[in-house]
Amino acid sequence: QTCALPISVDPDDAELILVAGYMYLEMGDYPAAIERFERVLALPRPPVSLDGAILPYHKVQAAAKQIDAALFQWQQAKDEAARAAAMADAKRYRERLADIIDVGTRPELMIRDARIALSEDRNNVAVALLSELQGMGRGDDSQVILMLADALEKQNALGEARKQYQR
């Protein structure tokens with residue numbers, strides 16, 4: 001209800017819808033979060049305006065967060081069928097993100113690719129992606145550091161993992 005109130009004032013405000021999606025994500029209501037992110041992705045681009053200029057960024061964030069929500073559902077799934085469905089959703093959302101990404105937002109796709117790889121125990125792929133991100137100037141990004149340390153730990157590269165944790 002709290003999430004719906006500001007949106008009722010302006011149902012096409014991408015930023016408000018995105019914030020509502022973030023709130024649902026934080027509350028663990030992943031289907032509601034995914035639905036809000038879907039609403040952002042479905043918004044038409046308005047005529048020349050500030051809202052129109054930032055809408056593509058909001059759409060990238062919405063698509064990225066759909067992947068995150070699907071991976072949270074995957075982690076919490078009780079059976080293999082539910083896990084498989086959640087991973088299929090994450091990969092489908094990943095394809096949508098890939099379709100709308102540009103050079104400036106490519107790191108968002110790489111982070112999600114690394115998360116999917118980690119979830120599937122493809123740690124070498126995750127390490128390669130996260131190392132590339134660090135080389136692209138994301139070396140101080142705590143999200144990248146922690147994911148890289150986790151992937152290195154899973155590869156039993158404990159010394160390298162420790163270096164990441166100590167950053």
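The chain has a radius of gyration of 17 Å, which agrees with the value near 15 Å that a compact globule of 167 residues would have; the radius is taken over C-alpha atoms, and the globule rule is 2.2 Å times the number of residues to the power 0.38. The model is predicted: local features need pLDDT of at least 70 and side-chain atom pairs count only at pLDDT 80 or more, whereas totals for chains, interfaces and linings use all residues. Residues are numbered from 1 along each chain as its sequence is written, and side-chain values use heavy atoms, with hydrogens and water left out.

Along its principal axes, the C-alpha trace spans about 55 × 40 × 25 Å. The chain contains nine helices and zero strands (DSSP runs of H or I with at least four residues, and of E with at least two, numbered from the N terminus). Of the 167 residues, 44% count as buried (under 20% relative accessible area; exposed is over 50% and partly exposed in between, with a 1.4 Å probe and protein chains only). Among contacts (heavy atoms within 4.5 Å) between residues at least 6 apart in sequence, 50% join residues at least 24 apart.

Two aromatic pairs were found in the whole structure. In one of them, the ring centres of Tyr 30 and Phe 72 lie 5.5 Å apart with planes at 20°, so the pair is stacked (rings of Phe, Tyr and Trp, the last by its six-membered ring, pair if their centres lie within 6.5 Å; planes under 30 degrees apart count as stacked, over 60 as edge-to-face and the rest as tilted). Tyr 30 belongs to helix α3 (residues 30-42) and Phe 72 to helix α4 (residues 50-76), so the pair ties together parts 42 residues apart in sequence. Tyr 30 is buried at 9% relative accessibility, while Phe 72, at 34%, is partly exposed.
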